[in-house]
Amino acid sequence: MYASENAIADPGKIRQSTALIKSRTHFFSTFRNSPMRFCTATMLSLDPAPERMFDRVHSVYGMLRKSFSPSFYLASAAYMLACGSDARELPDAVGAMHDFYHMMKADHSFLTTGESMIYAALASSSGISKRDFHERTEIAYLKLKGFFPASSRLLCSYLIALSPHSENYGFERTVMLYERLRAEKLRYGKYHELPVLTLLALTGDDIGELAAEMKEVNDYLKEHRGFGASLGSAQRLMFSAMRLCTVKSGESEALSKNITMSSTGAVILAQQAAVMA
């Protein structure tokens with residue numbers, strides 16, 4: 001998150017934001033539990049008015065709790081809506097997210113999980129109609145069939161549906177970049193890592209150049225503490241793709257900063273939630 005702002009992490013501000021969360025919530029609040037506490041504290045530490053922002057996020061979360069069960073992902077979706085909507089528009093944004101999520105659940109009941117709330121929040125603030133989102137998602141999902149597992153290709157399909165590109169473009173670019181990395185002996189993951197690769201593919205940059213840049217970032221990270229053999233090659237490649245996404249989000253009309261931060265944030269939450277389980 002700090003890297004996306006070209007800033008150096010400030011542990012002092014993150015600790016202050018953690019204390020703010022504790023002072024505004026009860027002991028069993030989702031915002032107090034890892035991994036959401038650290039993610040929220042980090043985002044708040046980057047905000048010029050963290051107290052006002054957290055109060056707004058907490059208010060949106062209260063609205064969402066009327067329709068959804070508490071979770072890390074719901075708290076993250078609340079943060080997205082609080083950042084992306086005017087105060088007067090928040091009730092409508094919450095209602096739209098509810099409608100998108102339940103449409104997603106109706107389409108793919110077994111594949112729609114808490115993580116899908118992130119994408120429902122993205123869709124609700126994107127301006128796309130529910131009909132167009134449904135149709136574009138299903139087309140991309142069917143095209144990706146046979147290449148990737150159902151759960152990850154559905155998340156990739158959401159991102160393709162939200163992009164200004166055609167479903168075929170998003171499908172072809174995702175598969176091409178994945179295969180190009182394999183040709184370079186870089187084994188990118190097929191599961192929770194895959195949506196980040198789709199984000200990178202949607203930038204429109206040359207596939208060969210993207211693969212070369214990923215290799216360069218991956219080689220750099222490999223030499224640094226915390227990114228060596230203990231992390232694993234698939235995870236390190238995912239972080240390489242994340243870094244490139246944050247850089248390119250400022251250059252590409254197809255890759256907005258909001259989508260980049262939210263999608264990569266969803267991946268981080270998924271990882272940490274798995275560790276906590």
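## Aromatic pairs

In this predicted model, a search of the whole structure identifies eleven aromatic pairs. One of them joins Phe31 and Phe54: the ring centres are 5.3 Å apart and the planes meet at 85 degrees, so the arrangement is edge-to-face. This pair links distant parts of the chain, 23 residues apart. Phe31 belongs to the loop between helix H1 (11-24) and helix H2 (36-45), whereas Phe54 belongs to helix H3 (residues 50-64). Phe31 is buried, with a relative accessible area of 0%, and Phe54 is likewise buried, with a relative accessible area of 0%.

Phe31 also pairs with Tyr61, with ring centres 5.1 Å apart; the planes stand at 75 degrees, so this pair too is edge-to-face. Because Phe31 lies in the loop between H1 and H2 and Tyr61 in helix H3, the pair ties together parts that are 30 residues apart in sequence. Phe31 and Tyr61 are both buried.

## Aromatic cluster and a charge over a ring

Elsewhere, one aromatic cluster is formed by Phe100, Tyr119, Phe133 and Tyr158.

Tyr141 takes part in an arrangement of another kind: the charged end of Arg153 sits over the Tyr141 ring, at 4.3 Å from the ring centre.

## Surroundings of Ser71

Ser71 is located in the loop between H3 and helix H4 (72-84). Its relative accessible area is 19%, and the cut-off for a buried residue is under 20%, so Ser71 counts as buried. The side chain of Ser71 reaches the backbone nitrogen of Leu74 at 3.0 Å.

Leaving aside residues up to four places away in sequence, Ser71 touches Thr30, Tyr61 and Met117. Tyr61, named here as a contact of Ser71, is also the ring partner of Phe31.

The search of the whole structure finds one cavity of 30 Å³ or more. The largest cavity holds about 40 Å³ of space. Its lining consists of Met103, Met104, Asp107, His108, Phe133, His134, Thr137, Glu138 and Tyr158.

Helix H5 (90-107) and helix H7 (130-144) each contribute at least two residues to the lining of the largest cavity. The largest share, four residues, comes from H7. Phe133 and Tyr158, both among the lining residues, are also members of the aromatic cluster.

Definitions and conventions: Residues numbered from 1 in each chain as written. Predicted model: local features only at pLDDT ≥ 70, side-chain atom pairs only at ≥ 80, totals over all residues. Heavy atoms only, no water. Phe/Tyr/Trp six-rings, centres within 6.5 Å; stacked < 30°, edge-to-face > 60°. Buried < 20%, exposed > 50% of the residue type's maximum accessible area, 1.4 Å probe, protein only. Lys NZ or Arg CZ within 6 Å of the ring centre and 35° of its normal. Polar contact = N/O pair within 3.5 Å; in protein donor to acceptor, adjacent residues only side chain to side chain. Contact = heavy atoms within 4.5 Å. 1 Å grid on protein atoms, 1.4 Å probe; cavity = no way out; pocket = protein on both sides within 12 Å on 5 of 7 lines; lining within 4 Å. Points joined across faces, edges and corners; volume = space filled by probe spheres on them.
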